[in-house]
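Here are my notes on the model, point by point. Please keep the structure open while you read.

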Amino acid sequence: RTAFGCLSYWMQNHNPNVFRTTWTEEEDAALIAAVTRWGADWRKVAEHVPRRSAAQCHYRYTRMLMPARPPSEELPSAAGEGADNASA
């Protein structure tokens, strides 16, 4: 393993300063406030969410808390276009 790989593994699995428990409402509120202020700079965000790593903050926000994105315009399916072109 590389030095970075070892550090990353330790930070995610053995760092005693990082919680591995269910997120609380207070942590979610701190996370949302930090993302509002610093955007996707996950290291800075993690500095303001006590005892959570940058990776935990990124995952929690992008998978659970991120506001719903507006639906994209529906594109015609490739199968539908091919069928129209074949008959013409």
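1. Start with Asp28. This is a predicted model, and in it Asp28 sits in helix H2, which spans residues 25-38. Is Asp28 buried or exposed? Its relative accessibility is 13%. Buried means under 20%, so Asp28 counts as buried. Now look for its contacts beyond the neighbours within four places in sequence. Asp28 then touches Trp23, Arg60 and Leu65.

2. Next, see how H2 meets H4. The two axes come within 11 Å of each other. They cross at roughly 95°. Angles of 65 to 115 degrees count as roughly perpendicular, so that word applies to H2 and H4. Which residues make the contact? On the H2 side they are Asp28, Leu31, Ile32 and Val35. On the H4 side they are Cys57, Arg60, Tyr61 and Leu65. Sorted by class, this contact holds six nonpolar residues, two charged ones and no polar ones.

3. Stay with H4 and ask what is buried there. The buried residues of H4 are Gln56, Cys57, Arg60 and Tyr61. They span an arc of only 120° around the axis, so they lie on the same side of H4. An α-helix has 3.6 residues a turn, so residues three or four places apart point the same way. What do the buried residues of H4 pack against? They pack against H2 and H3.

4. Set aside residues up to four places away in sequence. Gln56 then touches Val18, Phe19, Arg20, Trp23 and Arg51.

5. One of those partners, Arg51, is worth checking. Where is Arg51 found? Look in the loop between helix H3 (42-47) and helix H4 (54-65). Arg51 has a positive phi of about 60°, although it is not a glycine. Its relative accessibility is 39%. Buried is under 20% and exposed is over 50%, so Arg51 counts as partly exposed.

6. Now the aromatic rings. How many aromatic pairs does a search of the whole structure find? The search finds one. The pair is Trp42 with Tyr61, and their ring centres are 6.1 Å apart. The ring planes stand at 45°. Planes under 30 degrees apart count as stacked and those over 60 as edge-to-face, so this pair is tilted. Trp42 belongs to helix H3 and Tyr61 to helix H4, so the pair ties together parts that are 19 residues apart in sequence. Both Trp42 and Tyr61 are buried. Tyr61 also takes part in the contact between H2 and H4.

7. Finally, step back to the whole protein. The secondary structure comes to five helices and zero strands. From the N terminus on, the elements run α-α-α-α-α. The protein has 88 residues, and buried residues make up 20% of them. How far along the sequence do contacts reach? Take the contacts between residues at least 6 apart in sequence. Of these, 42% join residues at least 24 apart.

How values were computed. Residues numbered from 1 in each chain as written. Predicted model: local features only at pLDDT ≥ 70, side-chain atom pairs only at ≥ 80, totals over all residues. Heavy atoms only, no water. Helix = DSSP H or I, 4+ residues; strand = E, 2+ residues; numbered from the N terminus. Buried < 20%, exposed > 50% of the residue type's maximum accessible area, 1.4 Å probe, protein only. Contact = heavy atoms within 4.5 Å. Arc of directions from axis to C-beta. Axes fitted to C-alpha atoms, helices over the stretch in contact; angles between N-to-C directions. Parallel < 35°, antiparallel > 145°, perpendicular 65-115°, else oblique. Nonpolar A, V, L, I, M, F, W, Y, C, P; charged D, E, K, R; others polar. Phe/Tyr/Trp six-rings, centres within 6.5 Å; stacked < 30°, edge-to-face > 60°.
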